[in-house]
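This briefing concerns the single structure shown below. Please keep the sequence and the model in view while reading.

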Amino acid sequence: MMESIRSYGLSRLAGIKIDTDELRRRLLMPQYLRLAMLDSITKKDVDGGDQHFPSSGSADVPCPESPMIVFINPRSGGRNGPLLKERLQKLISEEQVLDLEDVKPHEFVRYGLACIEKWANDGDFCAKEIRQNIRIVVAGGDGTVGWVLGCLGELNQNGREPVPPVAIIPLGTGNDLSRSFGWGGSYPFTWKSDIKKALHRASVGPVSNLDSWHVVVQMPGGEVADPPHSLKAAEECSLDKTLEIEGDLPDKVNYYEGVFYNYFSIGMDAKVAYGFHHFRNEKPHLAQGPLANKIIYSGYSCSQGWFLTTCTSDPSLRGLKNILKMHVKKVNSTEWEQIPVPKSVRAVVALNLHNYGSGRNPWGNLKPKYLEKRGFVEARSDDGLLEIFGLKEGWHASFVMTELISAKHIGQAASIRMEIRGGEWKEAFMQMDGEPWKQPICNDYSTFVEINRVPFQSVLVNGE
């Protein structure tokens with residue numbers, strides 16, 4: 001039992017009893033603001049909830065100390081999302097617990113939060129206090145957390161500070177973002193008291209900064225079929241012109257862009273994740289929790305040929321060196337430098353956090369002498385650098401995941417550009433924060449992936 005408590009990052013609260021009424025008083029927004037916010041979202045109109053505001057003002061309305069909005073992904077957590085949603089709504093309110101099937105994060109930012117901002121600017125005292133102190137809780141996996149963080153990033157872009165800090169209830173399979181900020185790797189659905197402890201910690205926990213990374217995919221025509229939430233089609237995105245593109249460009253170029261917080265990867269690990277995601281969506285009754293998900297995931301690792309491969313028959317099973325060229329900007333450098341992709345590597349990962357693959361640290365805890373020898377610095381999640389490593393065949397990846405050895409260190413970078421050209425390959429698999437997709441590639445023209453740090457940092461609540 002205590003191991004489960006530590007897994008969820010609530011060990012400090014294990015002996016503390018949270019009073020339900022007191023917790024609700026600190027989190028519950030006044031009814032007129034809850035209804036106005038929800039109507040604005042429903043109508044997709046900032047003015048959609050005006051009828052709920054009191055004509056006499058809100059000076060006498062009590063304001064919550066820690067107003068909170070919860071986003072919940074009902075598909076996460078072994079399909080236990082609906083049960084958690086019901087419990088959260090009873091603890092806070094129906095209007096403050098938003099089902100991601102019904103309300104998308106960008107709709108909350110553009111209409112719900114904008115409604116509160118509007119009335120705060122018009123002199124509503126309670127709206128002003130709530131906008132200043134509001135916090136967000138995301139109940140979902142890493143992909144869901146990244147989706148919400150990306151939408152909240154619009155606030156920085158549009159000068160709408162402060163950006164609400166985000167806490168996490170881990171419902172995914174890996175939950176590496178959650179682990180990195182003290183929220184643990186799993187959620188004990190059977191313990192109702194833990195919901196109160198999670199909300200309490202989300203309301204009072206200290207905040208930490210997190211780098212986020214902007215990804216641009218430039219591809220020669222065509223489309224990405226069924227792209228994840230984290231990847232959106234864009235009209236045009238420019239690559240860094242200080243690194244010239246060799247060869248001709250096609251007549252038609254399509255762009256996609258997105259943001260990640262934990263990792264970007266290309267290769268076999270993304271292919272396994274892609275197969276798993278499609279299986280889970282097609283047969284949800286078989287994916288009823290983290291343990292079942294990991295068993296299915298392991299099965300896909302074997303069936304996709306990561307462990308038993310001749311490396312001669314199917315080009316999709318050969319090393320990435322055949323199709324991938326990589327340039328980086330290193331620490332404190334503005335110049336692009338090509339770095340070799342090791343011949344044996346079949347997955348390349350650019351990692352921002354210490355956690356990958358359900359809490360593993362494939363980069364490892366490197367000694368100062370090794371860091372100095374390789375020109376590396378100690379890895380942190382807010383240092384403006386990505387750690388790039390490679391995974392070889394499945395056996396090598398297995399030893400890395402059990403932390404018997406470190407991954408193949410490739411480099412550290414403040415910016416990365418990958419150039420992919422197909423040869424015999426027709427597609428490559430990529431993923432960001434656990435959200436995979438199938439990327440079309442061809443032999444005539446290159447596909448480019450460029451990664452640069454977003455100029456502002458995300459803010460997360462620390463659950464430890």
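The model is predicted. The chain has a mean pLDDT of 84, with 83% of its residues at 70 or more.

**Confidence**

- Among the elements of the chain, the highest mean pLDDT, 97, belongs to strand β1 (residues 68-72), and the lowest, 43, to helix α1 (residues 2-7).
- Residues 1-7 remain under 50 in pLDDT, and the model gives this stretch twelve contacts beyond four places in sequence.
- Residues 307-313 also have a pLDDT below 50, with eleven contacts in the model beyond near neighbours in sequence.
- Where pLDDT is low, the predicted coordinates should not be read in detail.

**Nonpolar cores**

- The largest nonpolar core comprises 64 residues, and I69, L84, F108, I136 and L199 have the most contacts inside it.
- Leaving aside residues up to four places away in sequence, I136 touches I69, F71, F108, V148, L152, P164, P165, V166 and A167.
- Another core lies apart from the largest one and has 35 residues, among them V328, I339, V348 and V449.

**Strand β12**

- Strand β12 (residues 347-351) is largely enclosed by the rest of the structure, because five of its five residues are buried.
- In a regular strand the side chains alternate between the two faces of the sheet.
- On one side of β12 are A347, V349 and L351, and on the other V348 and A350; all are buried, and both faces are covered.
- Strand β9 (residues 263-267) runs antiparallel to β12 and is joined to it by five bridges; G267 has A347 of β12 as its bridge partner.
- Strand β13 (residues 386-391) also pairs with β12 in the antiparallel sense, over five bridges; here the bridge partner of A350 is I388.

**Backbone details**

- Most residues other than glycine have a negative phi, and most peptide bonds are trans.
- The peptide bond between E161 and P162 is cis, with omega about 0°; P162 is in the loop between α7 (142-157) and β4 (166-170).
- N175 is not a glycine, yet its phi is positive, about 55°; N175 sits in the loop between β4 and α8 (176-180).
- N332, likewise not a glycine, has a positive phi of about 55°; N332 is placed in the loop between β10 (324-329) and β11 (336-339).
- Are these two asparagines, N175 and N332, buried or exposed? N175 has 2% relative accessibility and therefore counts as buried, whereas N332, at 82%, counts as exposed.

How values were computed: Residues numbered from 1 in each chain as written. Predicted model: local features only at pLDDT ≥ 70, side-chain atom pairs only at ≥ 80, totals over all residues. Heavy atoms only, no water. Core = buried A, V, L, I, M, F, W, Y, C linked by side-chain atoms within 4.5 Å. Buried < 20%, exposed > 50% of the residue type's maximum accessible area, 1.4 Å probe, protein only. Contact = heavy atoms within 4.5 Å. pLDDT = per-residue confidence, 0-100. Helix = DSSP H or I, 4+ residues; strand = E, 2+ residues; numbered from the N terminus. Pairing = 2+ DSSP bridges.
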